[in-house]
Amino acid sequence: MRREDPLSRREFLYSGAAAAVTGSILAAGSAVLSAPGRTPGQSNIVRQKEHELRRASLAVQFGDDFSKTYGPPDYFDMKRWTKLMAGQARTEGGRWLMEVRRDPPPGPGTVAMGGFATTDKVFNPGLVGTNGVEITLAGFTHEEDYPKEMEEPGGLIQAWSLTIGSWKGLVGGQKDRQKDRGVQLHFDLLRGDGLFLYLVRGLLPGDFDKYPRDGFGRKESKSMSPQQLREIHENLIKKGEIFISVPCLSLANRIYRPEEKIREFLGRSRRFGVFLTDDANTLYWTLDGQVMDAFEIAGYFGSSSESVKDGAFLSIMGLGCFQRNTWLMDDLDVLVSRK
Ligand SMILES: [Ca+2]
């Protein structure tokens with residue numbers, strides 16, 4: 001693990017392989033797909049109504065209320081769940097404590113990363129119909145016994161993600177960058193800077209001709225300072241544009257600041273949802289049951305239908321700068337439509 005700096009932190013968020021992605025994707029040839037865009041001709045009220053009707057008709061394909069406890073050595077249901085990187089877990093009081101640890105000393109330092117994926121593909125074969133996931137994130141805790149001057153402004157406090165993909169792990173961590181397909185909701189909490197939330201899909205070769213790109217993972221960015229890289233990235237967010245931040249195509253991005261807004265967002269139990277509907281041609285995310293952002297991603301999964309022909313995995317991962325980073329979660333539902 002490297003000592004964190006904003007560039008390596010960015011690479012960590014998306015699996016540590018950012019710089020290697022571009023070449024292989026450019027070499028993959030162009031895929032036929034229409035440009036993603038916000039779902040047209042729908043007011044939020046209509047979109048919400050449609051989501052509620054759709055949601056009510058879905059079946060729980062895979063679920064966990066985390067009420068069972070498990071003994072050593074894993075303290076978790078290792079039949080249905082597969083550990084990713086430094087992920088550890090246990091259930092306590094009917095909830096899921098997902099933990100990522102690193103070596104001492106305590107306090108902000110090297111970023112640690114890990115999580116869990118479903119052992120099996122828990123979404124519909126071919127992602128037909130509607131496929132979604134909802135989980136309650138109740139909180140994040142870490143050790144407090146460290147000198148407060150260790151808290152450097154701009155440093156990553158924590159990040160958390162939900163990924164629906166043909167592989168286990170984050171977007172950027174796919175084994176076959178040409179064939180694998182996945183979508184992801186994630187947020188990064190940066191100290192003194194803000195909470196950055198993203199709805200993304202994996203990159204395709206044609207994306208580089210269509211969308212602006214930030215500086216992360218570019219050779220020519222090596223001379224830029226971390227602040228310059230952040231500035232380019234945040235300017236694209238502020239414009240509300242779809243943009244490339246390798247290895248992701250960022251569709252929706254939201255910044256929460258100042259601290260009160262962040263506390264309002266993360267300071268209580270929130271229910272996050274990611275849904276693919278219309279045979280995985282539309283992607284949206286929900287917060288406490290409300291549709292937040294929706295995008296047409298027609299042709300994205302279709303450009304590699306083999307990748308999800310048996311369904312897809314759900315991965316839940318966390319990154320944290322502390323020695324003990326713990327996410328408290330509950331009530332996971334993988335929801336699918338039945339033909
Ligand atoms: Ca529970």
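Reader: Which residues of helix 5 are buried in this predicted model, and what makes them line one face?

Author: The buried residues of helix 5 are Arg230, His233, Leu236 and Ile237. Viewed along the axis of helix 5, these buried residues fall within an arc of 125°, so they line one face of the helix. An α-helix has 3.6 residues a turn, so residues three or four places apart point the same way. The face turned away from the buried side of helix 5 carries the exposed residues Gln227 and Lys238.

Reader: How do you know that the length of helix 5 is close to what is expected?

Author: Helix 5 spans residues 226–238, which is 13 residues. The expected span is 1.5 Å times one less than the number of residues. The reach from the first C-alpha of helix 5 to its last is 18 Å, close to the 18 Å expected. Helix 5 is followed by Gly240, whose phi is positive, near 70°.

Reader: Why is Thr82 called partly exposed?

Author: A residue is buried with 20 or more other C-beta atoms within 10 Å and exposed with 12 or fewer. Thr82 has 17 C-beta neighbours inside 10 Å, and therefore counts as partly exposed. Thr82 belongs to strand 3, residues 81–85.

Reader: What is Thr82 in contact with, beyond its neighbours within four places in sequence?

Author: Two residues are in contact if their C-beta atoms lie within 7 Å. With those neighbours left aside, Thr82 is in contact with Phe116, Ala117, Thr119 and Lys168. Thr82 and Ser315 lie 233 residues apart in sequence, with 9.1 Å between their C-alpha atoms.

Reader: What makes strand 3 an edge strand?

Author: Eight strands form an open sheet with antiparallel pairing, in the order 3-6-16-8-9-10-12-11. Strand 3 and strand 11 (243–245) are its edge strands, since each pairs on one side only. From one strand to the next, the twist averages 25°.

Reader: How do you know that strand 3 pairs with strand 6, and that strand 6 pairs with strand 16?

Author: A pair of strands requires at least two bridges. Strand 3 is joined to strand 6 by five bridges, running antiparallel, and Lys83 stands opposite Phe116 in strand 6. Six bridges link strand 6 (residues 112–118) with strand 16 (residues 313–320), again antiparallel. In strand 16, Met317 is the bridge partner of Gly115, and Gly318 that of Gly114.

Reader: Why is strand 6 called mostly covered?

Author: Seven of the seven residues in strand 6 are buried. Ala112, Gly114, Phe116 and Thr118 point one way from the strand, while Met113, Gly115 and Ala117 point the other way, and all are buried.

Reader: How many bridges join strand 7 to strand 13, and how many join it to strand 17?

Author: Strand 7 (residues 131–142) is joined to strand 13 (residues 270–277) by seven antiparallel bridges, with Val133 opposite Val274. Ten bridges join strand 7 to strand 17 (residues 324–336), also antiparallel, and Thr141 stands opposite Thr326 there.

Reader: Which residues have the most contacts inside the largest nonpolar core?

Author: That core has 81 residues, and those with the most contacts inside it are Met98, Ile164, Leu199, Val200, Val274 and Leu314. Beyond its neighbours within four places in sequence, Met98 is in contact with residues including Gly115, Phe116, Ile316 and Trp327. Across the protein, buried residues make up 43% of the 339 residues.

Definitions and conventions
Residues are numbered from 1 along each chain as its sequence is written. This is a predicted model: local features need pLDDT of at least 70, side-chain atom pairs count only at pLDDT 80 or more; totals for chains, interfaces and linings use all residues. Helices (H or I, at least four residues) and strands (E, at least two) are DSSP runs, numbered from the N terminus. The arc is that of the directions from the helix axis to the C-beta atoms. Axes are lines fitted to C-alpha atoms, for helices over the stretch in contact, and angles run from 0 to 180 degrees between N-to-C directions. A nonpolar core is a set of buried Ala, Val, Leu, Ile, Met, Phe, Trp, Tyr and Cys residues joined through C-beta atoms within 7 Å.
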